[in-house]
There are 2 protein chains.
Amino acid sequence: MATIDPAYFDENARTAPATAERQIACIGDLELESGNVLPNVEVAYQIFGSLNADRSNAILVCHALSGDSNCAGWWDRLIGPRKAFDTNHYAVIGTNALGGCQGTTGPSSLSPEGRPWGSSFPAITVGDMVAAQARLLDQLGIPQLACVTGGSMGGMQALEWTRQFPTRVSRAYITAASTAHSALQIAYNEAARQAILRDPDWASGDYYPGPGPVHGLAVSRMIGHISFLSELAFTAKFGRDRKADPDGWAPEFQVESYLNYQGDKFTKRFDANSFLVLSKAIDGYECAELPAGPRMLFTSYSSDLLYPSHQSEAAHQLSIAAGRESAHHVIETPWGHDAFLLEAEEQTRLIRAFLSG
Amino acid sequence: MATIDPAYFDENARTAPATAERQIACIGDLELESGNVLPNVEVAYQIFGSLNADRSNAILVCHALSGDSNCAGWWDRLIGPRKAFDTNHYAVIGTNALGGCQGTTGPSSLSPEGRPWGSSFPAITVGDMVAAQARLLDQLGIPQLACVTGGSMGGMQALEWTRQFPTRVSRAYITAASTAHSALQIAYNEAARQAILRDPDWASGDYYPGPGPVHGLAVSRMIGHISFLSELAFTAKFGRDRKADPDGWAPEFQVESYLNYQGDKFTKRFDANSFLVLSKAIDGYECAELPAGPRMLFTSYSSDLLYPSHQSEAAHQLSIAAGRESAHHVIETPWGHDAFLLEAEEQTRLIRAFLSG
């Protein structure tokens, strides 16, 4: 198997400091696909690199469920000067997804009544996330994207971009994504949701300004981390290494310590209601047909059991059926779903050829 | 893929009524591998079929984590008249594992102080489970087993039988098991444990006679059910079938409904502390070497991601290294880990040849 970089398991090592400050755009009222109207929507965004004179060099990066607008941080292996998405040539724009909790309007934002939305925040869709991003681009005066990209939930948004706005995108690079969640993906999300919903501190969603269901959210994140890695990656990193002598129910094995650390850390940066809203949005997403549209590049990962390669292949085939130019590459890797954040070498080679071709 | 029998997903359809009543044996004080002594241990057992005159026809069946002594119920595809473990010829003995909650001494049993053990129940091992079973066989006057068998946690017990008592067992049939849990298996168990430990109703383990951490236990069971099935099995059964129009956070997809149903049902028959104690026992188990011993038959399942075939192969190789006669068959199936309960045809063929060979 490939060597696993120890830095992979240290989230901090993966998060380079952002060089572009986060800004907030007010995009006004947003009519949702449900017909509901979300008033006074704000979208957090960051731009890495500079827009050229005709604003034709913008790349929009859509994040995975737990991500944020700091795409040069969580995707620092691909975004930066002389990297795959070269900020010396492109203006790389990260936004926080609608429903999120990192600056864009979501359940923890204030409603017009002056208190956090909480349980009254409406259900949203992947299409709504994309619509909010399009409004932001309108404000920034960007008529067309050189590329839209993302992995996992971000890949679903990028795919939806090419459906809703097929002429507003020149290229789409989509990795570790799906046209629709399988029952297994929904199952992972539902177990994670129930960990939150069944925590009494969730309080039907109206727990603000308290910390909310931190234990349920921590468990939901542990479930997520299990689904992100392959058996081989777990074994390579943790094996059966013990942390200490057993002491009651405290973590005994290193892998237990890792899961609890990741789970608890997540509660300090993420809102439980955002997890509920975003996970429901991606579970509900279905892309059964595409119009003619941009050039497409898909990648998937041999050991990704959460978003297996056949899902990317299905999206690629939809693109072909729509008459688009499309390619799909399966990257051999032991890193499971997280490979889209980590396997920089082959992604870089493919993306460079794709953007310059 | 193979057709999936709809009855598979109905646990009731899998549980034939037991024909042999449950009995309780008092096996006295049991010294544990830790050095602690568990006083006045009771073991619940059921015998399907009749012991012959020299008591040489006994087969001991060890259950998986959530099982019980009613082996002719949960393994009804393999145990019964004219089935693989033919109760017309063998006395098939099921016991409830030490630490369990179906009649054998466990955390919900009364301690000598007259109240449930709860948080004071000692840590136990797979070796302790086997030692308790051996005491039961002493009481029943059974000097040697024709076969010891089990799947998953039950397979680890059967393997341990052949290590602790290599001359007391003629044959061992072990399915979907492991010599030691991988980091991924520990991860699944730890997420499930944390769902319980972080439920305030767990109350540090001293929640009796209350219902205890029912929501945490339900979530832990949902995590389990995700690990038991393959992606293909989930898709074949549930696809993206919707249960109803979305109504708040109630299950929308059939797979969500299934998980919640299984989770909630589990809380009515299982004790959360038993889950903690048993899951820690199997996470801690390590079999690195075997003595010379009985004939061994291993099976594993192509789509089992929880107890993958390479783990059964490792146990088979340990047996070979010990000079035992041993075979390992990988059964092609889409049913994941649960296949050991379901794939009756090939198991039956292999077991019949093994027992008569």
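This is a predicted model: local features need pLDDT of at least 70, side-chain atom pairs count only at pLDDT 80 or more; totals for chains, interfaces and linings use all residues.
Local features need pLDDT of at least 70 and side-chain atom pairs count only at pLDDT 80 or more, whereas totals for chains, interfaces and linings use all residues. Residues are numbered from 1 along each chain as its sequence is written, while chains are lettered from A and ligands numbered from 1 in the order in which they are written.

The contact between the chains takes 37 residues from chain A and 37 residues from chain B. On the side of chain A that touches chain B, at least two residues each come from α5 (183-197), α6 (214-228), α7 (231-238) and α8 (254-267) of chain A (helices, H or I of at least four residues, and strands, E of at least two, are DSSP runs numbered from the N terminus). Helix α5(A) gives the most to this side, with 10 residues. By class, the side of chain A that touches chain B holds 26 nonpolar, 6 polar and 5 charged residues, where Ala, Val, Leu, Ile, Met, Phe, Trp, Tyr, Cys and Pro count as nonpolar, Asp, Glu, Lys and Arg as charged, and the others, Gly among them, as polar.

Within chain A, the domain assignment, which is automatic or from a database, gives domain 1 (6-181 + 285-356) and domain 2 (185-279). The centres of these two domains of chain A, taken over C-alpha atoms, are separated by 24 Å, and 25 residues of domain 1 are in contact with 22 residues of domain 2.

Chain B contains an open sheet of 8 strands with mixed pairing, in the order β1-β2-β6-β3-β7-β8-β9-β10 (two strands pair if DSSP finds at least two bridges between them). Its edge strands, each pairing on one side only, are β1 (23-31) and β10 (326-331) of chain B. Strands β8 (residues 171-175) and β9 (residues 295-301) of chain B run parallel and are joined by 5 bridges, and B:Thr175 stands opposite B:Thr299 in β9(B).

Key. Two residues are in contact if their C-beta atoms, placed from the backbone, lie within 7 Å.
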